[in-house]
Amino acid sequence: MGVAIRTAGEDDRELIVRLLDEAFQDDPVSGWVFPGAEYRRTTHHKLMAAFTDVVLADGRIDVTEDGSACALWMSVPAEEPGAGGSGSGAGDAGDDGFARTRQDVDPDNERVELIGRLTADIHPSGRAHEYLWMIGVAPGRQGEGLGTALIGSVLDRCDREGRAAYLEASNERSRRLYERLGFEAAGQPLSLPDGPSMWPMWREPRSTATGSPALPEG
């Protein structure tokens, strides 16, 4: 049985924010931006809300019909870099956007701003592509193939339209699984200061459909 997927709207904002907050509490990059479990528990959701607002306004959020998983996508034109990385929360790659996000989310935390600048710096430009900003699955629903279904529907469209895709993997496990979906390294890993690494990954469109393995579900 297939997974029912729909496009999220403004009425889904609270659902998406809550889902991302829960899904990424234990993510290495989230742990670097908001070190300490209690600090992360009380502040992390603000950054997820910033991400959600950006993508609802300028991109697309796919969500499973039961609200247990979501994927945030941005369509990036050839003449522009990506709209921030998985930690930017900025609607544009300009300094004002990153600084504004920091002020809105956590003014005393320079990492909120720094993650955006760093990921924007490594984001490919010069070719149109679909950018998988984040994909999150509710902790109790991971391992059911929901992430695979969400990303697979977009990758199938990329293949039909001859369009590339890009993402940043936040851990070794997810990097290996994305490689099985056709993503390859797009430059050197980004080593966050005193923190984990992120792997920029690029996927060329495929000429024929292939099976998709299970995705990492953060």
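Modeller: A disulfide is a pair of cysteine sulfur atoms within 2.5 Å. The model here is a predicted one, in which local features need pLDDT of at least 70, side-chain atom pairs count only at pLDDT 80 or more, and totals for chains, interfaces and linings use all residues. Residues are numbered from 1 along each chain as its sequence is written, and side-chain values use heavy atoms, with hydrogens and water left out.

Biologist: How many disulfides does the structure hold?

Modeller: The structure holds zero disulfides.

Biologist: Is C70 buried or exposed?

Modeller: Buried means under 20% relative accessible area, exposed over 50%, and partly exposed in between (1.4 Å probe, protein chains only). C70 counts as buried because its relative accessibility is 0%; C158, at 1%, is likewise buried. Of the 218 residues of the protein, 50% count as buried.

Biologist: How many helices and strands are there in the protein?

Modeller: Helices (H or I, at least four residues) and strands (E, at least two) are DSSP runs, numbered from the N terminus. The protein has seven helices and eight strands.

Biologist: At what angle do helix α1 and helix α3 pack?

Modeller: Axes are lines fitted to C-alpha atoms, for helices over the stretch in contact, and angles run from 0 to 180 degrees between N-to-C directions. Helix α1 (residues 13–23) packs against helix α3 (residues 37–58) at about 130°, their axes being 9 Å apart.
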